[in-house]
Amino acid sequence: MTVAPVPAAAPSAYDRADWASAFRNVSQELSDVPVVASRGAIPTELSGSLYRNGPGRLERAGQWVHHPFDGDGMITALRFEAGGARLSNRFVRTEGWRAEEQAGRFLHRGVFGTPKPGGPLANAFDLRLKNIANTHVVRLGDQLLALWEASSPHALDPVSLETRGLTLLDGVLAPGEAFSAHPRFDPGHHGSPRMVTFGVKAGPRSTIRLMEFEAAGPDAGRLIADSRHAFPGFAFLHDFAITPNWAVFLRNAIDFNPLPYVLGLKGAAQCLKSRPGARGEYWLIPRRDGAFGGQPPRRLEAPEGFVFHHLNAWEDGGAVVIDSIVYADFPSVGPDQDFREVDFERIPEGLLERSRLDLATGRVTTTRLSERTCEFAMVPPARVGLESRHAWMAVAERERGNDPLQALMKLDLVSGEQRLWSAAPRGFVSEPVMVPRPGAAAEDDGWVLDLVWNGARCASDLVILEAATMREQAVLELPLAIPHGLHGSWVAA
Ligand code: CO
């Protein structure tokens with residue numbers, strides 16, 4: 001018997017030093033600096049602001065954060081108008097950032113394992129959280145919200161990026177209450193646009209607070225729906241998805257043993273541990289104004305795997321379909337590892353999978369949508385909660401195998417067709433933001449904006465692609481070096 005040889009995976013084409021060179025401190029804050037396209041031209045119809053959030057401070061007094069997620073939040077804004085662009089950036093003036101700027105060293109423990117100086121004794125029993133406001137930035141009413149899921153949002157001025165301070169959203173939140181960094185923007189399934197979001201109080205039983213805010217018009221920011229639902233088990237919930245009738249959560253099969261955290265040996269997030277072979281659960285909470293409003297939540301067994309981010313969800317007859325980026329296991333940086341030297345080959349890759357949740361039978365069936373390593377995926381804003389033909393995401397350059405994200409992909413979710421734009425070998429992409437063309441007829445008509453780490457320049461480029469074809473429209477070489485970031489959003493002018 002002969003066995004067909006398995007084709008070897010193509011070798012990776014990147015230089016780890018290029019990827020790691022993005023981990024640095026941001027040393028300047030720019031205000032409305034004009035930037036021009038070094039290649040191509042900025043589309044004149046592109047009118048509005050791209051806001052990005054991510055860690056901007058990764059080292060103090062020679063001590064590096066243990067994980068970049070412990071870096072202080074810094075907002076980057078690019079304003080587009082009439083074919084021109086202006087760049088601003090500001091650190092979020094959190095209480096922790098101010099105090100550490102003054103002290104010149106870390107004063108707080110980081111959730112992802114950064115210790116205070118002084119060893120375990122200095123860290124033990126210090127369970128204060130440093131709200132670093134570094135995960136996402138969205139516009140709600142007359143303010144920007146810099147989000148960090150374990151505590152209150154920070155409010156910022158949308159033009160100057162100045163920090164107004166912690167906000168409880170007109171008394172909606174209790175001080176220190178968890179408020180997700182992953183709101184979903186309902187384009188108008190119940191009339192006007194809404195920001196739907198949640199907060200989790202995790203424990204042996206976990207409570208999800210589901211909130212809906214008016215997102216447009218003079219009442220933007222007003223709370224219009226609010227409910228709390230308790231579920232058995234510890235819930236680590238970073239993201240969720242919405243449909244017109246449901247808020248869809250995936251509770252990963254993860255346990256939390258807080259002892260090493262309490263004793264000062266590990267960060268809180270390092271105490272999350274997956275249970276191999278265990279199944280997570282989908283938790284479906286009816287939205288108040290949907291067809292099942294007021295009914296109890298539904299629980300369905302989930303397939304194996306770990307999920308940070310979902311792409312989108314929608315309803316198909318009696319089923320809810322949800323597309324998620326699934327890892328074989330919970331990826332974490334161990335206590336003795338240096339995040340800049342992570343071996344991509346040895347950590348699980350994220351793969352886009354579709355799960356169909358049959359609400360009548362409770363049966364869940366899952367199919368893979370792409371074999372390419374991916375993260376940070378989105379559908380056109382008007383298709384949030386509905387079936388979408390198109391999605392854009394950050395992917396690896398290689399077709400298979402885990403690597404840093406170096407390319408952007410448009411995926412046809414019906415035909416499977418892929419269109420790519422690549423920054424390889426020296427560029428590294430971030431979360432793409434799809435911006436619809438004003439008045440567009442086709443759902444994929446618009447642009448994709450992306451901050452790319454340019455390893456050759458050791459600085460950041462803003463890349464504008466045509467969303468339908470993924471053809472490059474313009475590259476703006478920014479006078480700023482922005483570390484690998486997290487999430488961001490587009491606000492039309
Ligand atoms: Co996220």
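**View 1. The aromatic cluster of Y14, W19, F23, F339, F344 and F428.** In this predicted model, Y14, W19, F23, F339, F344 and F428 form one aromatic cluster, where rings of Phe, Tyr and Trp (its six-membered ring) pair if their centres lie within 6.5 Å, with planes under 30 degrees apart counted as stacked, over 60 as edge-to-face and the rest as tilted. By this rule the count comes to 18 aromatic pairs. The rings of Y14 and F428 have centres 6.4 Å apart and planes at 90°, so this pair is edge-to-face. Because Y14 lies in the segment before α1 (16-20) and F428 in strand β30 (residues 427-428), the pair ties together parts that are 414 residues apart in sequence; helices (H or I, at least four residues) and strands (E, at least two) are DSSP runs, numbered from the N terminus. Both Y14 and F428 are buried, that is, under 20% relative accessible area, with exposed meaning over 50% and partly exposed in between (1.4 Å probe, protein chains only).

**View 2. The ring pair of F69 and F112.** With ring centres 5.1 Å apart and planes at 85°, F69 and F112 make an edge-to-face pair. F69 counts as partly exposed at 32% relative accessibility, and F112 counts as partly exposed at 26%.

**View 3. R340 over the rings of W64 and F339.** R340 lies over the face of W64, at 4.1 Å from the ring centre, and also over the face of F339, at 5.6 Å from the ring centre. A charge sits over a ring if NZ of Lys or CZ of Arg is within 6 Å of the ring centre and within 35 degrees of the ring normal.

**View 4. The buried side of α2.** The buried residues of α2 are G96, W97 and E100. They cover an arc of only 95° around the axis, which puts them on the same side of α2; the arc is that of the directions from the helix axis to the C-beta atoms. On the other side of α2, E95 and Q102 are exposed. The buried residues pack against β4 (59-60), β6 and β7 (84-91), contact meaning heavy atoms within 4.5 Å. After α2 comes G104, whose phi is positive, near 75°.

**Notes to all views.** Residues are numbered from 1 along each chain as its sequence is written, and side-chain values use heavy atoms, with hydrogens and water left out. The model is predicted, so local features need pLDDT of at least 70 and side-chain atom pairs count only at pLDDT 80 or more, while totals for chains, interfaces and linings use all residues.
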